[in-house]
Amino acid sequence: MKEQIKLRNEQFNAAINQQDGHALCVLYVDEAMLYPPKQQVVQGREAIASFFNAVFKLGISKGNFLTKELLISADYAYESGEYVLLNAENQELAKGFYMYIWQYVEGEWYILKDIWND
């Protein structure tokens with residue numbers, strides 16, 4: 001199970017580096033919720049894709065999320081870690097910590113809740 005989540009995290013990082021909001025949103029369950037710092041809650045795949053596409057327009061073009069802790073219990077998992085977001089010139093635009101709650105649905109892991117700070 002941990003390997004499946006690791007693969008999903010690799011897909012997440014690749015989607016950020018490709019600046020692809022749609023590729024990011026399909027890693028979330030339909031009713032997923034994002035809790036971005038100092039902003040309104042974002043709910044649902046379509047809204048998540050729009051949110052990430054807007055973030056990319058602000059200059060974020062590269063990112064890396066590094067898992068520090070991953071605990072799995074039945075159909076849910078908790079993950080916490082560190083992230084960094086960069087622009088095209090490799091200048092750091094944001095850095096902080098994140099937490100995901102994953103849900104196992106029909107043989108695949110999806111992000112249910114996503115919160116981070118910077």
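Which residue just after α1 takes a positive phi of about 50°? The residue is Gln19. Helices (H or I, at least four residues) and strands (E, at least two) are DSSP runs, numbered from the N terminus.

The model is predicted: local features need pLDDT of at least 70, side-chain atom pairs count only at pLDDT 80 or more, and totals for chains, interfaces and linings use all residues. Residues are numbered from 1 along each chain as its sequence is written, and side-chain values use heavy atoms, with hydrogens and water left out.

**The sheet**

Six strands form an open sheet of mixed pairing, in the order β2-β1-β6-β5-β4-β3. Strands β2 and β3 (62-73) stand at the edges with a single partner strand each, so one side of each has no neighbour in the sheet. Two strands count as paired if DSSP finds at least two bridges between them.

| Strands | Sense | Bridges | Opposite residues |
|---|---|---|---|
| β1 (residues 28-35), β6 (residues 108-116) | parallel | four | Tyr28 and Ile111 |
| β4 (residues 76-86), β5 (residues 92-105) | antiparallel | eleven | Tyr76 and Gln103 |

β1 and β2 form a hairpin with six residues between them, and Lys38 in the turn has a positive phi of about 60°.

**The helices**

Helix α1 (residues 2-17) packs on the sheet, touching β1, β3, β4, β5 and β6; contact means heavy atoms within 4.5 Å. The direction of α1 makes about 160° with that of β3. Helix α3 (residues 45-57) lies across β1, β2 and β6, running at about 45° to β1. Axes are lines fitted to C-alpha atoms, for helices over the stretch in contact, and angles run from 0 to 180 degrees between N-to-C directions.

The buried residues of α1 are Ile5, Arg8, Asn9, Phe12, Asn13, Ala15 and Ile16, where buried means under 20% relative accessible area (1.4 Å probe, protein chains only). Seen down the axis of α1, these buried residues fall within an arc of 160°, so they line one face of the helix. The arc is that of the directions from the helix axis to the C-beta atoms.

**The core**

The largest nonpolar core has 33 residues, of which Phe12, Tyr28, Leu34, Ile48, Phe52 and Phe65 touch the most other members. Such a core is a set of buried Ala, Val, Leu, Ile, Met, Phe, Trp, Tyr and Cys residues joined through side-chain atoms within 4.5 Å. Helix α3 gives the most to this core, with six residues. Leaving aside neighbours within four places in sequence, Phe65 is in contact with Phe12, Asn13, Ile16, Glu82, Tyr83, Leu85, Tyr98 and Tyr100.

Note on methods:
Buried < 20%, exposed > 50% of the residue type's maximum accessible area, 1.4 Å probe, protein only.
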